[in-house]
Amino acid sequence: MNILEAKGLKKIYGEGENKVNALRGVDLEVKKGEFVAIVGTSGSGKSTLLHMLGGLDRPTEGEVIIEQKDISKLKDEEVTIFRRRKIGFIFQAFNLVPVLNVYENIVLPIELDGAKIDKDFVEEIINTLGLSGKKEALPNQLSGGQQQRVAIARALAFRPAIILADEPTGNLDSKTGQDVLSLLKVSAEKFSQTIVMITHNDEIAQLADRIIRIEDGCIVSKGEGR
Amino acid sequence: MRVNNRKCVRRIGVRSLLTNKRRNIIAIAAIALTAILFTTLFTIMMSISSTYETNSFRLLGGYAHATFKDVTDEDIAKLTSHKLIKEYGERIVLGVSAEAPFTKRSAEISYMNDNDTKWSYIKLKEGHLPTSGKEVIMDTEALRLLGVEPKLGEEITLSFNILGFEDESAIVLDTFTLVGYWEFDQLCPAHFINVSKEYADEFGKMITEKGYEPLRANLDVMFSSSVDIEGKMCRVAEESGFTFSQPEADNYIRFGVNPGYTFAKGSDMFTPATIACILAFAVLVIFTGYLIIYNIFQISVVGDIRFYGLLKTIGTTSRQIKRVIRIQALALCVIGIPLGILLGYGLGAILMPVVIRMSTMSADAITISTSPVIFVASALFEILTVIVSTAKPGRLAAKVSPVEAVRYTEGSGVNGKRKTTKGAKVISMAIANVGRNKKKTVLVFISLAFALVILNSVNLFVGGFDRERWIAATDATDFLVANTQYFKFNGASRSSISTEEIEAIKENTNASLWGEAYEVTGYTVYKANEAQYREYVDSVPGGQPYQKPQEDGGYYLGSFIEAINPALTESLKVYEGDISLLNDKSGRYVALLSDDESYKYLKDDPNAFKIGDKITYGRPETVLTLDKRTGEIPGEGVIYDDNIEEEFIDVTECEFTVCAYVGVPISLSLRKGSFGKDGVLGADTAKEVFGDSVVPMFVAFNTDSEADEAAAEQYLSNLSKESAGELEYESKEIKRKEFEDFKNMFAIFGGVLVAIIGMVGVLNFINAIMAGIIARKNEIAVLQAIGMTGKQVKEMLVTEGLIYTVGAGVIALVLSAMLTPLLNATIENMFWFYSGHFSVTPVLIMIPIFALVGFLIPAISYKGLTKVSVVERIRELG
């Protein structure tokens, strides 16, 4: 079953002379439980693609379907609400809310939705990611690797349909990066999550089930499912 | 869909609030400053109202809500058991003394219970309330008039008339022991002389034996609130088994509502013009608040744009982000508003005496209102200001695109090229920086310039008050002496200034012109024809008793008659005719009163008298107003319709020839007017016709030399003091002081307003500069890294500051110059004593001061910046 589908995605920035074709028609399917890595050089359009998939930005043409829902047709507020329920984001810069502590950051999307927090589940995630001693800490008291683990926990907490990771190791040294990514993979398997990750690092990409290569706004290789 | 996410949004709002200390302090200060303005306004408004109330209560002799009149003990028991009545006071008046020494202000001998004593403003200075036998208490002035030392235990002999009887046989003489006294209150309508209940009861028995009606009490009552007193009184009366509408009924009861409660709340306090002024002021304050609060939030939202973008990516909806901003704003209100209200309330209390001095109210009646309206209204207006001001920054934060937020830097929205090949000079960089966030810059300019423009306008306004015009218009003569009542617009009466007093003043001053004015007292009337009668009835608000025509078909309509001696005829403004005829002994002439406005319509008025017409004035000894249905005097609350009839008895009538239409300067007039035809007579003619009812009202005189003027001023000042507030005078000197007071009031209020708006402007500037420096922390570090010296950075920042402040000064200068003609025209229209002029001096004086501020703030902020090394600052990038 395809949990994520992109059909004929195009994104054009600017007008006239300054027109930039960031995406030139991308088709993509991701199955439930898959760990997909999208690789490409900078300017290849991989970040734009991820933004489209996560509903952070709208495609100029084409559609993005997550769990049978075309999110490119939703209104702004609807996309936001859909995003916090169905998509877990992990960013290169961690993007934790600096004024909230670890636990509060993790449960934030749930609380924003007004949903009930499944405390046992959240505890389990926290334990899996090795954060149980840091629940009260503020983000600036954590190391980069710890911060990214909090971000992973936050992405998992709402049991989203899919997790989108944007260069999750980009701000970490290679050892920590490897560790964090292993943890991400382990927890995704444990909680049967689907992950789409972008990276420019081939070594990191090797951990994925499938590697999609993107160049100049087009997919050049869809990779093979393992 | 109702979701429970409020707590978490609130948490984000409150926590992120704490990270921005500088902004919070400035925002709290801004909120407090604007709240000060609102609270001061409301404090003064409500305090004027409550002072007016206190003043009226003291003039009326008490502050009980209402009174049931002439009740028996039985009635009292019935009425006071009603649940609406919270407290009650009882007063039994035994008698009145209007003879010497109480000719000017009568003395009322009565029993008051504890409540009534309290409600009559009686606060004993020494002693206790009369409890038994012939114990008595009274005020210090009554003691002085009686020639008794204010000492407990003194024996006092009083003579007074049994209430309602003026003949010799009703005079009672008795000796009492003083057991207490209180400080005399100038405003009190009578000298209260209070006796014990025991004495009152015995007195009642004594007079009933003599064949007088038994004494009746007045029952003063208090309800839980002063809302709808009349309605409550009606309910109490009816539900206790009385009627208040049928005077002939056995269970009829009369009551009166304390007019103090109705005036003060009445429409005369809050005219449309006053309300418009208050609204205009409120808009001004909201605008001032908007300028800064909007800017503070705008700047901080731009600074925190990444934070809001981040919240958005996580799934915070636009509405939730708006709430985050609103929560922050309201949290700042929680600190700022109480602070502002506290300071504003104090400021209002301090400014109250300045306002009251400008009114006819007594300064010692000043009551600072504690009405919750002040605090609630101020808080609501402030919250409104804050909500209005933060709405747009809230929308900006909510609108942020999660992708864009990451890249957002101040001014990045501005597209276009910089056409320059001159290279980057410090000054051109500074100009470019100021232009980065156009909105912020414009708001700072407006905020600073606004304060200067208001300052200039206040100065223009106050500086244009023309003292000589004021004095010339208000004072027709150098001095005017009369009884206090005259200045309170009550005209003359038998207790006004006496002939002896007039003689004494004449003897002790060196007057070059001596004017005397009289009023024909009593119910003076003119005889109207049918048409004039109809017109009169239509023009009198609140109904008018029916009159059947006199034998000759005429109607008697109330009209005031002033009489003046020849010296004062010079001061009249003649519209038409010959006023010298007023002093012509050969005929009887009258000058009819008019004014600039009504004289214009005179020609077209068919009911108006023409020069040479005959007009008949009359003075009845008695006027009976009777209810035809009962044959009795109509009670309170009875509507004046055709059932109420007026009858005039023993009318002294005289026909006069209209010799002129004149205007009397306010200061020489009766200071009151009727709906009839008010006239001016020569003093001799008036005395000839109306005899003893012509009573002196005031003397008005001029002096020739300055020495004489000073001597007269000195003499009158002493005389007024010695008279214990009975005689009062007006003089040029007093008018000058009054003028200065009036001018000062505006100067003080304008000053306070300017000071606060100025502070808001400077705060706005400080915030803009500091936020600008902090937002560009990395950028400045990079500039330093590539070779800009610290001195150059400072130079750049100071130049930015100077562009703001000096720029605002120049804008204010231009605006002020442009606004002056418009302001002059408007104020001249509103204040007749204002002379238009041109002045931008205050702005010119302020520009260097602003320049100093523009230099100091960036310099100080830069110092704070250098505490952190360049490397550290660069590292924070990202």
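Welcome to a predicted model in which 40% of the 878 residues of chain B count as buried. In chain A, 48% of the 226 residues count as buried.

**Chain B**

- Chain B contains 28 helices and 22 strands.
- The radius of gyration of chain B is 36 Å, well over the 29 Å that the globule rule gives for 878 residues, so chain B is more spread out than a compact globule.
- If you take the contacts in chain B between residues at least 6 apart in sequence, 86% of them join residues at least 24 apart.

**Chain A**

- Seven helices and 10 strands make up the secondary structure of chain A.
- Here the radius of gyration is 17 Å, close to the 17 Å that the globule rule gives for 226 residues, so chain A is as compact as a globular protein of that length.
- The C-alpha trace of chain A spans about 50 × 40 × 35 Å along its principal axes.
- Of the contacts in chain A between residues at least 6 apart in sequence, 71% join residues at least 24 apart.

**A helix pair in chain B**

- Two packed helices are described by the angle between their axes and the distance between the axes.
- For helix α2 (residues 21-60) and helix α9 (residues 272-303) of chain B, the axes come within 10 Å and cross at roughly 175 degrees.
- Because angles over 145 degrees count as roughly antiparallel, α2(B) is roughly antiparallel to α9(B).
- On the α2(B) side, the residues making the contact include R23(B), I26(B), I31(B), L37(B), F38(B) and M45(B).
- Facing them from α9(B) are contact residues including I278(B), F281(B), V285(B), G289(B), I292(B) and S300(B).
- Sorted by class, the contact of α2(B) with α9(B) has 14 nonpolar residues, four polar ones and one charged one.

**Where the chains meet**

- Chain A and chain B each give 20 residues to the contact between them.
- On the side of chain A that touches chain B, α2 (76-86) and α3 (102-113) of chain A each supply at least two residues.
- The largest share of that side of chain A comes from α2(A), with six residues.
- By class, the side of chain A that touches chain B has nine nonpolar, four polar and seven charged residues.

Methods:
Residues are numbered from 1 along each chain as its sequence is written. Chains are lettered from A and ligands numbered from 1 in the order in which they are written. This is a predicted model: local features need pLDDT of at least 70, side-chain atom pairs count only at pLDDT 80 or more; totals for chains, interfaces and linings use all residues. Helices (H or I, at least four residues) and strands (E, at least two) are DSSP runs, numbered from the N terminus. The radius of gyration is taken over C-alpha atoms; the globule rule is 2.2 Å times the number of residues to the power 0.38. A residue is buried if 20 or more other C-beta atoms lie within 10 Å of its own, exposed if 12 or fewer, and partly exposed in between; C-beta atoms are placed from the backbone. Two residues are in contact if their C-beta atoms, placed from the backbone, lie within 7 Å. Axes are lines fitted to C-alpha atoms, for helices over the stretch in contact, and angles run from 0 to 180 degrees between N-to-C directions. Angles under 35 degrees count as roughly parallel, over 145 as roughly antiparallel, 65 to 115 as roughly perpendicular and the rest as oblique. Ala, Val, Leu, Ile, Met, Phe, Trp, Tyr, Cys and Pro count as nonpolar, Asp, Glu, Lys and Arg as charged, and the others, Gly among them, as polar.
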